[in-house]
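Thank you all for coming; I would like to take a few minutes to walk through one structure and the contacts its side chains make. Please have a look at it first, and then I will go through it part by part.

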Amino acid sequence: MPKRLLILCDGFGAPTYGPRMTQLCKHLSKRGWQITLLTEQVDPQYVVPNCHFYAMPYYRGNNLLQKAQWALDKLFDKKETAFYHYVHTHIQPKDFNVILCSSFNDFPLGTAYRIAKESGLPLFVDLRDIAEQWGTDSYMVHHLNLGTIGKRITQWYQQRILAKRNRSLQYAKVVTTISPWHCQLLRQYNSNTHLIYNGFDSETFYPSCEKTDSFVISYIGRIYDLSFRNPRPMLQAVAELCQQSLIERTIVRVVFHIESTMCDALNTMVQDLGIQDICQIRGYVSRKKAQQILLNSAINVVLVQSETVDGSHGIMTTKFFEALGCEKPILCTPANTGCLADTIRYTNAGIATDNKEEIKQFILEKYREWQANGYTHQAVQHKEQFSREYQARQFEELFLQCLQ
């Protein structure tokens with residue numbers, strides 16, 4: 001039986017460049033699938049190997065023109081319309097067996113729904129993030145910078161994209177998502193919803209015992225908002241360990257690789273705690289550099305809120321899995337409950353806590369291990385269940401079940 005897969009997905013942007021779909025292409029192509037992937041062009045453009053790849057340029061021109069294009073898209077779905085026509089100029093749906101749409105939030109679900117309905121092809125929807133997971137609208141409001149008006153606009157926009165999303169979910173043959181909490185919520189709209197975790201590429205993220213000259217605590221990824229991803233408990237613990245002379249501040253470094261828009265706010269927090277001399281705040285890095293940073297770090301930090309009624313839910317950041325692949329200690333904070341905290345305990349990958357004393361003890365234990373060996377290592381368990389190759393087999397099984 002021919003295995004021809006059409007993937008429609010959102011753009012491959014920094015810092016991770018869409019590892020879920022790029023790795024799926026890599027492993028399914030090895031298993032005999034012929035894949036065509038269409039997405040939105042994002043600068044700098046990342047080209048996906050192992051497939052026929054097309055990227056639609058949408059935001060063009062000067063800054064003012066791009067803002068106008070953004071507004072028209074949010075109000076009238078102009079980007080979905082443009083993408084629908086772009087897809088039809090490059091492929092014929094009848095040439096495929098399955099359509100897979102992978103999305104952060106909503107784009108390009110509208111295009112995938114429309115093409116699947118017209119062609120009769122089975123539609124698989126893969127949702128990596130959803131609006132309900134955040135427990136806050138700060139991740140969107142801070143982009144608008146309009147105060148109360150921004151909040152109202154965000155509420156209206158979320159209601160609009162949820163209505164569009166749920167229409168696609170109800171039509172889909174299969175839905176996949178990235179955490180048990182996401183599965184539970186999305187089964188309200190499609191009972192055939194399956195869990196496929198985010199994960200790590202075992203060819204890139206693997207253990208190493210190289211010695212380092214400094215004890216490095218690192219964070220790689222977006223922050224969005226300091227009330228949402230809050231490094232203060234970890235930074236306070238480091239500051240107190242330095243003040244108590246339990247760790248030597250001349251050989252300790254705390255390094256952040258984050259979005260440029262959050263650098264000033266984080267610098268202010270670091271200065272307030274008096275540890276600006278040991279903290280380095282930098283921009284995003286390439287995937288290749290991210291692997292080296294993870295391997296050279298004594299502790300890798302994951303910033304996630306605890307799951308509460310009004311808080312975030314089910315967020316399973318890719319950087320957790322990549323640190324898991326490197327078998328490096330993970331400090332997850334301020335979360336102590338939820339899907340990610342449970343997975344950290346299941347894999348023995350580190351600690352998930354909001355307790356400053358527990359954070360201090362964890363850092364001190366890893367500091368002493370580093371002093372003795374020149375590196376740290378975490379004896380993780382079950383990590384084979386979170387490899388990208390394992391995920392590709394999960395996707396393939398669902399595709400083949402649908403085609404039988």
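I begin with cysteine 183, which counts as buried because its relative accessibility is 3%, where buried stands for under 20% relative accessible area, exposed for over 50%, and partly exposed for what lies in between, with a 1.4 Å probe and protein chains only. Before I go on, please keep in mind that this is a predicted model, in which local features need pLDDT of at least 70 and side-chain atom pairs count only at pLDDT 80 or more, while totals for chains, interfaces and linings use all residues. Residues are numbered from 1 along each chain as its sequence is written, and side-chain values use heavy atoms, with hydrogens and water left out.

How many disulfides does a search of the whole structure find? The search gives 0, a disulfide being a pair of cysteine sulfur atoms within 2.5 Å. For cysteine 183, the nearest cysteine sulfur belongs to cysteine 339 and is 9.1 Å away. Cysteine 402 is likewise in no disulfide, with the sulfur of cysteine 101, the nearest one, at 15 Å, and cysteine 402 counts as partly exposed at 27% relative accessibility.

Turning to the rings, there are 16 aromatic pairs, where rings of Phe, Tyr and Trp (its six-membered ring) pair if their centres lie within 6.5 Å, and planes under 30 degrees apart count as stacked, over 60 as edge-to-face and the rest as tilted. Tyrosine 113 and tyrosine 171 make an edge-to-face pair, because their ring centres are 5.4 Å apart and their planes stand at 85°. This pair links distant parts of the chain, with tyrosine 113 in helix α4 (residues 109-119) and tyrosine 171 in helix α6 (residues 147-171), 58 residues apart; helices (H or I, at least four residues) and strands (E, at least two) are DSSP runs, numbered from the N terminus. Tyrosine 113 is buried at 12% relative accessibility, whereas tyrosine 171 is partly exposed at 31%. Elsewhere, ring pairs join Trp33, Phe124, Phe395 and Phe399 into a cluster.

Finally, the charged side chains. The count comes to 22 salt bridges, each a side-chain nitrogen of Lys or Arg within 4 Å of a carboxyl oxygen of Asp or Glu. One of them joins glutamate 396 to arginine 31, with the closest N and O atoms 2.6 Å apart. Here glutamate 396 sits in helix α14 (residues 388-403) and arginine 31 in the loop between α1 (19-30) and β2 (34-40), 365 residues apart. Glutamate 396 is buried, at 7% relative accessible area, while arginine 31 is partly exposed, at 35%. By contrast, lysine 366 and glutamate 369, whose salt bridge has its closest N and O atoms 3.7 Å apart, both lie in helix α13 (residues 356-373), 3 residues apart, about one turn of the helix. Salt bridges that share partners also join Lys26, Lys30, Asp201 and Glu203 into one network.
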